[in-house]
Amino acid sequence: MTIIKKPDWYISENEVTDEALFNKRRNFLKLGAAALVSSSVIAEKLAAVENVKRESLKFQKTTFGKGLELNSYDQASTYNNFYEFSTSKSDPAKMAHTLKPNPWDVEILGEVENPMVISLEDIYNSYPLEERIYRFRCVEGWSMVVPWIGVTLSHILQKAKPTSKAKYVKFTTLVDPKQFPDQKAGKLFPNIPYPYVEGLRMDEAMNELTFMSVGMYGKMLPNQNGAPIRLVVPWKYGFKSIKSIVSIELVEEEPLNTWKMINDLEYGFYANVNPNVDHPRWSQAKERKLGSFFKTETLMFNGYEKEVGHMYKDMDLRRYI
Ligand code: MTE
């Protein structure tokens with residue numbers, strides 16, 4: 001792995017993070033001094049706050065998202081959806097130290113001439129990593145702006161050489177009850193059926209915006225955000241951006257994605273951000289950016305209509321939710 005001088009632009013974000021950590025640490029120290037809790041409890045809590053040490057990454061800056069106002073690292077890494085840990089937004093940051101993101105392999109299989117297993121090292125060393133600032137809009141109505149670091153998915157897929165039968169791409173998250181507490185054997189009511197699965201049509205997967213992220217805010221992904229590698233599809237609702245991926249399979253038929261399997265009246269395969277089509281239980285016209293008091297208008301395709309609108313021009317977007 002390549003180690004790295006911190007990029008200049010990163011400094012201000014870094015300071016925010018460090019300050020927050022510093023304050024949390026100071027609070028624990030105060031608690032310790034007052035002998036309110038045992039030292040082992042303090043150690044456990046500190047481990048949870050600091051989670052796993054993440055190394056800086058070497059990457060190229062790009063103009064994607066120029067001018068957008070970033071959310072802070074703290075906001076993006078403490079308000080998470082990661083059901084393999086919990087349905088609570090604040091739990092993944094405290095629980096995700098059980099995930100071991102290194103070593104890690106991703107299998108690329110199915111309708112390809114050149115099936116491969118790529119390691120994290122391959123990704124760090126064989127592809128130029130770049131930073132892209134993208135809007136991220138959850139189907140629940142919250143949003144954020146994140147500087148992701150990663151690789152265009154099409155660069156990875158091209159190396160595997162999709163055959164003419166490859167019409168869709170199916171992504172699968174790791175199953176390992178030792179690392180993901182909600183997958184514990186014998187658990188009577190897991191939050192969702194596992195593995196978490198997502199899919200894209202081939203043209204969506206090959207679109208330049210579709211990104212495999214291995215980092216954010218200058219460093220490797222924190223576990224709660226889907227370490228070590230996750231999908232980021234900025235014009236679709238956040239549930240399409242599957243975390244901790246172990247397999248990428250090129251297939252002929254549309255894969256059944258987890259949320260569509262759970263409730264196909266409310267969640268579809270396409271999940272394009274669309275302010276004109278409400279969720280059956282709430283409006284999608286507005287969103288609240290993490291940290292903001294006021295709501296703002298949600299943009300068609302989350303603001304990426306110019307780049308992706310052509311892929312859906314003959315589709316009824318009320319039907320293909
Ligand atoms: N991937 C897996 N494996 N498990 C999940 O629960 N949640 C999805 C998506 N990817 C999820 C997942 C949902 S609903 C959202 S909104 C985003 O991850 C949240 O990403 P974030 O926690 O980095 O903001």
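## Ligand surroundings

A residue is near a molecule or strand if one of its heavy atoms lies within 4 Å of it. In this predicted model, local features need pLDDT of at least 70 and side-chain atom pairs count only at pLDDT 80 or more, while totals for chains, interfaces and linings use all residues. Residues are numbered from 1 along each chain as its sequence is written, and side-chain values use heavy atoms, with hydrogens and water left out.

The ligand is surrounded by 18 residues. The closest are Asn80, Tyr83, Glu84, Arg230 and Lys243. By class, this shell has 9 nonpolar, 6 polar and 3 charged residues. Here Ala, Val, Leu, Ile, Met, Phe, Trp, Tyr, Cys and Pro count as nonpolar, Asp, Glu, Lys and Arg as charged, and the others, Gly among them, as polar.

## Polar contacts and burial

A polar contact is a pair of N or O atoms within 3.5 Å. An oxygen atom of the ligand is 2.7 Å from an N or O atom in the side chain of Arg230. Tyr83 has a backbone N or O atom 2.8 Å from an oxygen atom of the ligand. A nitrogen atom of the ligand lies 3.0 Å from a backbone N or O atom of Ser241.

Taken alone, the ligand exposes 540 Å², and the protein buries 98% of that. Such accessible areas come from the Shrake-Rupley method with a 1.4 Å probe.

## An aromatic pair

Phe64 and Tyr134 form one that is edge-to-face (planes over 60 degrees apart): the centres are 6.0 Å apart and the planes are at 85 degrees. Phe64 lies in the loop between strand 1 (60-61) and helix 3 (73-78) and Tyr134 in strand 4 (residues 130-137), so the pair ties together parts that are 70 residues apart in sequence. Helices (H or I, at least four residues) and strands (E, at least two) are DSSP runs, numbered from the N terminus.

## Backbone exceptions

Most residues other than glycine have a negative phi, and most peptide bonds are trans. A cis peptide bond joins Tyr194 and Pro195, with omega about 0 degrees. Pro195 is in the loop between strand 6 (168-173) and strand 7 (197-201).

Lys161 is not a glycine, yet has a positive phi of about 55 degrees. Lys161 is found in the loop between helix 6 (153-160) and strand 6.

Key
A polar contact is a pair of N or O atoms within 3.5 Å; within protein, one must be able to donate a hydrogen and the other to accept it, and residues adjacent in sequence count only if both atoms are side-chain atoms. Rings of Phe, Tyr and Trp (its six-membered ring) pair if their centres lie within 6.5 Å; planes under 30 degrees apart count as stacked, over 60 as edge-to-face and the rest as tilted.
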